[in-house]
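I opened this one up to jot down a few things for myself. These are my notes, in the order I looked things up.

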Amino acid sequence: MEKFDIAVVGSGPGGYVAAIRAAQLGKHTVIIEKANLGGVCLNWGCIPTKALLRSAHLYEQMRSASQFGIEVDGAVKADFAKVVARSREVSATMSKGVQFLLGKNKVEVVYGHARLAGNGIIDVTAEDDGISQIEAEHIILATGSRPRVLPGIPIDGDKIISYREALTLTSMPESMVVIGSGAIGSELADFYHAMGCKVTVVEYMPTLVPTEDEEVGKYLERSFRKKRLSFLTGAAVESVDTTGDKCVVTVKTAKGIQTIEAEKVLSAAGVTPNTEDIGLDKVGITTDRGKITVDDRYRTGVEGIYAIGDIIPTPALAHVASAEAIHCVEAICGLDPEPVDYATVPACIYTTPEIASVGMRERDAVKAGIETRIGKFPYTASGKATAMGDKDGFVKLIFDKATDKLLGAHLVGATVTEMLMEPTIAMRLGATAGQIINTIHPHPTLSEGVMEAAAAAHDEAIHV
């Protein structure tokens, strides 16, 4: 049995970052993975969805090329199978990149299903059911999450699918019902609609993307209506009948019961942490609603065992898991890392238009009793957006009226996922509206919208 300083279970953006950082700090490190290196993010989430959406966006742009004085000779067609194949190639490339980095940093990789066995021992069951053991002084659990299964709506992988099947369909369905309008549901709904599928999104909460600022959700609804992407909000899927050729989805709405027929139903109502069957009970680690409780150094209640990422009660985002990984490992190695700042976690949704946010929503500030100044700048007033032909969107900034400091930023529009870091850094550094206004922004750019929104909060907006 080989002994390691640190063993990491799971190779997603939490696990592989933890393993590489541990190796950089001189620790003899092993990472255990039961599937593909890179976890859900690289193989089934962040990366392949962006590849699909890039194809869809390019398809839409080519179909509207005449608006820019460019005539396309012949019909623009999309080859669905090739679009999906490209996304899989992108994922495979990124997974190989993780493999390269692990090798470069001399991290040993062991494939199999890991279970805690006690006393720093991990049992690893390989594909051939052979069991080996690994011993480590420190064990970091980074097992991630999987699609949540709704009660009474089991995912069969054929008619009722999860995001995994949605990323690998061999032919495009004629119609689809998407349950849930979070990042996964909204992005895949946008992709399939753009490719020509008849999509209906069903959202239980009153607005789309309910975790975002309410104005953002309302704006996405307007965008979906404009492109004729159907949706129902304040609605609950009561059942899905798969006995016929098509799925019959029964939805309870404020106006009564509605039925929708669709070839596929995509269940995109969140994720479930992978904390079962990893030996938690063997070592005495308990969970609360499936998640492991940790302290500010990501230590569980059992000495030498740590947990990060989707399996703890923090935002289930790839970049959060990576930040937690670095902090956890550096603390293990005796450094004094700065705590992860959960108040400034950026979040992005890659629909058209894109959505990006950080910090407080307007309703959060109201609930906290904070008097605010809110500044908004519409893309319709942006010279760059007008030149690009992408005038859908806005920048909304929320400032504390007493201190003038930025509390939150909510952006909708082209490339806002790239623009988000300015307000995120501004929040981290405690920047004020005045400081943002007085920082010269290049013209013409979409990022001027951040400056203009800050100026609008002070009734000082003057540019076009």
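Entry 1, the helix α6. I'm working from a predicted model. I started with the length of α6, which covers residues 183-194. At 1.5 Å a residue, its twelve residues should span 16 Å, and I found the end C-alpha atoms 16 Å apart, so the two agree.

Next I asked myself how many of the twelve residues of α6 are buried. I got ten, so I wrote the helix down as mostly covered, given that buried means under 20% relative accessible area. My list of the buried ones runs G185, S186, E187, L188, A189, D190, F191, Y192, H193 and A194. I also looked at what comes after α6 and noted G196, which has a positive phi near 110°.

Entry 2, the sheet. I traced an open sheet of five strands in the order β8-β15-β9-β10-β11, and its pairing is parallel. Which strands stand at the edges? I found β8 (160-161) and β11 (230-232) there; each has a single partner strand, so one side of each is left without a neighbour in the sheet.

Then I looked at one pair inside that order. β9 (residues 175-179) and β10 (residues 198-202) run in the parallel sense and are joined over five bridges. In this pairing I saw M176 standing opposite V199 of β10.

I found T275 in the loop between β16 (271-273) and α8 (280-283). Is T275 buried or exposed? I put it down as buried, because its relative accessible area is 9%. Its side chain reaches the backbone oxygen of G290 at 2.7 Å. G290 turned up again when I set aside sequence neighbours within four places: T275 is then in contact with L280, T287, G290, I292 and I311.

I located H113 in strand β4, residues 113-118. H113 counts as buried because its relative accessibility is 17%. Which backbone oxygen does the side chain of H113 reach? I found that of D277, at 2.7 Å. With neighbours within four places in sequence left aside, I listed K34, D123, V124, T125 and D277 as the contacts of H113.

Terms used: Residues numbered from 1 in each chain as written. Predicted model: local features only at pLDDT ≥ 70, side-chain atom pairs only at ≥ 80, totals over all residues. Heavy atoms only, no water. Helix = DSSP H or I, 4+ residues; strand = E, 2+ residues; numbered from the N terminus. Buried < 20%, exposed > 50% of the residue type's maximum accessible area, 1.4 Å probe, protein only. Polar contact = N/O pair within 3.5 Å; in protein donor to acceptor, adjacent residues only side chain to side chain. Contact = heavy atoms within 4.5 Å. Expected span 1.5 Å × (residues − 1). Pairing = 2+ DSSP bridges.
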